[in-house]
Amino acid sequence: MQAAPDCIRWLQSLGVRFDFNDLKDLDLGREGGHSRARIVHHQDRTGWEVERALAAAVAAHPRITVYEHAFVTSLVIDSGRCVGVSARINDLGPREFVARATMLATGGCGKIYGHTTNPRVATGDGLGLALRVGLTVADMEFMQFHPTVLSHEQSGGFLITEAVRGAGATLRNHEGRRFMYDYDERRELAPRDIVARSIGRELHRLKTWCVYLDATHLPAERLHHEFPMIWDRLRELGIEMEKTWIPVVPAQHYSCGGIVTDLDGRTEMPGLYAAGEVASTGVHGANRLASNSLLEAMVFAKAAARASKDEPAPDAEAGVAAPEPECLPEPEAIRRRHALQRLMNAHCGIFRTDAGLREAQAGMAKLRREMEAAPKSGFSPYSFEAWNLLAAAESVAAGAIARRTNVGLHFNEDLAQSAGTESPEPGT
Ligand SMILES: Cc1cc2nc3c(=O)[nH]c(=O)nc-3n(C[C@H](O)[C@H](O)[C@H](O)COP(=O)(O)OP(=O)(O)OC[C@H]3O[C@@H](n4cnc5c(N)ncnc54)[C@H](O)[C@@H]3O)c2cc1C
């Protein structure tokens with residue numbers, strides 16, 4: 001990514017406080033699959049810091065109007081061109097926004113799974129918007145599972161960043177064995193898909209529910225200084241990371257696939273752009289490397305912003321909102337969302353099979369029929385999201401069925417057995 005250094009400097013100019021080392025150079029971290037240290041960071045909450053500075057810059061910009069609590073429900077289209085969006089705004093009700101260029105930056109779809117690191121809003125809304133107007137969504141089978149998510153009843157998908165392994169923490173099973181030796185010569189710093197699958201195999205082999213991240217050999221001051229958020233959160237749960245192994249399991253983390261765009265973030269629909277996790281720019285291939293996504297979002301959003309200046313002015317009166325699905329009563333939506341998560345957990349996780357994927361597809365088709373036939377009620381974002389989640393999940397299952405090679409984040413046991421691509425047991 002030649003565009004990366006400029007983006008980092010631009011973020012710094014907007015006030016993002018990346019960490020520096022004793023030599024006053026940017027402090028670079030190393031994570032899974034990296035051959036050298038190259039990750040700028042702010043303690044253990046880089047995303048939070050980037051968001052903080054960007055939100056402040058947006059709030060201070062005289063030509064940007066921010067609508068809080070706005071929920072986009074459809075794209076507004078004029079003769080095949082996107083000319084804006086239709087949205088429900090908490091205080092104002094339904095509104096249409098007409099624009100020369102529209103960008104979808106709605107993030108991921110982690111909530112299609114029951115166990116995810118993603119925030120509550122990661123419900124695939126941009127995917128739903130795009131799929132409803134026939135745009136191409138690609139590579140959804142490349143769903144990244146983060147290997148080390150805290151396994152604790154009260155933790156709700158809390159991520160133990162890969163930088164902890166980068167700092168030297170090791171993975172152990174409950175017998176204390178550093179099992180990554182059995183799976184990959186890069187051990188804890190193998191790419192995420194390999195570490196997550198190795199943990200999955202270890203859990204299956206030992207019939208247990210978690211493995212452990214051992215940072216007890218690292219100096220307590222260093223852990224506290226470099227990972228203050230993790231340090232504090234673990235302490236709230238009674239875990240002292242300098243003394244105790246941290247229980248972890250893999251959980252859904254990032255969607256490499258998304259709405260197909262070109263290198264300027266343009267989708268197939270004129271006037272419509274996509275950037276960030278909702279987009280499929282192709283840079284992550286089948287397997288995103290750790291800490292690449294914020295950078296991807298910045299680089300492609302900037303390219304899109306430049307390209308969008310050439311879009312023609314829209315006819316403010318001509319656009320028509322694309323049809324949108326009706327909302328189910330919330331109790332119905334809750335039931336369907338949970339049913340969908342169960343299907344995804346069971347059949348579209350780290351290990352897949354042909355039969356399981358077909359069962360997932362059949363289950364989703366049944367859910368869609370039920371949702372279409374169910375009585376409808378007034379608008380509710382939670383309920384509306386159920387349609388977007390279903391659309392995103394259908395794309396994952398369809399992509400996984402169609403993908404006949406195990407590559408990166410897609411691993412189908414049936415293909416592994418026929419092609420002999422990966423050992424089913426450690427060390428074999
Ligand atoms: C715990 C965690 C740690 C991570 N750490 C790193 C890291 O260190 N480095 C890295 O590179 N990546 C990291 N990632 C990945 C990275 O944070 C995400 O990929 C990235 O934030 C996605 O940015 P985005 O702008 O595409 O979407 P988001 O940041 O998710 O923003 C999407 C926004 O769209 C809004 N939205 C969604 N639907 C609608 C709708 N219908 N109407 C209106 N608004 C809508 C949402 O409310 C949200 O505000 C991490 C992810 C997680 C979950």
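This is a predicted model: local features need pLDDT of at least 70, side-chain atom pairs count only at pLDDT 80 or more; totals for chains, interfaces and linings use all residues.
Local features require pLDDT of at least 70 and side-chain atom pairs pLDDT 80 or more, whereas totals for chains, interfaces and linings use all residues. Residues are numbered from 1 along each chain as its sequence is written, and side-chain values use heavy atoms, with hydrogens and water left out.

The ligand is surrounded by 20 residues. A residue is near a molecule or strand if one of its heavy atoms lies within 4 Å of it. The closest are Val72, Asp125, Glu277, Ser293 and Leu294. By class, the shell holds 8 nonpolar, 9 polar and 3 charged residues. Here Ala, Val, Leu, Ile, Met, Phe, Trp, Tyr, Cys and Pro count as nonpolar, Asp, Glu, Lys and Arg as charged, and the others, Gly among them, as polar. Three elements each supply at least two residues of the shell: β1 (70–78), β9 (246–255) and α8 (293–308). The largest share, 3 residues, comes from β1. Helices (H or I, at least four residues) and strands (E, at least two) are DSSP runs, numbered from the N terminus.

A backbone N or O atom of Val72 lies 2.8 Å from a ligand nitrogen. For Ser293, a polar side-chain atom is 2.7 Å from a nitrogen atom of the ligand. In the side chain of Glu277, an N or O atom lies 2.7 Å from a ligand oxygen. Taken alone, the ligand exposes 1,000 Å², and the protein buries 68% of that. Accessible areas come from the Shrake-Rupley method with a 1.4 Å probe; for residues, only the protein chains shown count as cover.

Helix α11 spans residues 381–402. From first C-alpha to last, its 22 residues reach 32 Å, close to the 32 Å expected at 1.5 Å a residue. The expected span is 1.5 Å times one less than the number of residues. Of the 22 residues in α11, 16 are buried, so the helix is mostly covered. Buried means under 20% relative accessible area, exposed over 50%, and partly exposed in between (1.4 Å probe, protein chains only).

Side chains of opposite charge can pair when their charged atoms come close. The model has 29 salt bridges, each a side-chain nitrogen of Lys or Arg within 4 Å of a carboxyl oxygen of Asp or Glu. Asp6 pairs with Arg9, the closest N and O atoms being 2.9 Å apart. Both residues lie in helix α1 (residues 4–13), 3 residues apart, about one turn of the helix. Asp214 forms a salt bridge with Arg172 at 2.8 Å between the closest N and O atoms. Asp214 belongs to strand β8 (residues 211–214) and Arg172 to strand β7 (residues 170–172), so the pair ties together parts 42 residues apart in sequence. Both Asp214 and Arg172 are buried. In the salt bridge of Arg177 with Asp182, the closest N and O atoms are 2.5 Å apart. Arg177 is partly exposed, at 41% relative accessible area. Asp182 is also partly exposed, at 22%. A network of salt bridges links Glu332, Arg335, Arg336, Lys366 and Glu370.

Two further residue pairs were examined. Ala362, in helix α10 (residues 354–373), is partly exposed at 47% relative accessibility. Ala362 and Leu343 are 19 residues apart in sequence and 9.9 Å apart in space, C-alpha to C-alpha. His347 lies in helix α9 (residues 330–347) and is buried at 15% relative accessibility. The C-alpha atoms of His347 and Arg358, 11 residues apart along the chain, are separated by 8.7 Å.

How values were computed
A polar contact is a pair of N or O atoms within 3.5 Å; within protein, one must be able to donate a hydrogen and the other to accept it, and residues adjacent in sequence count only if both atoms are side-chain atoms.
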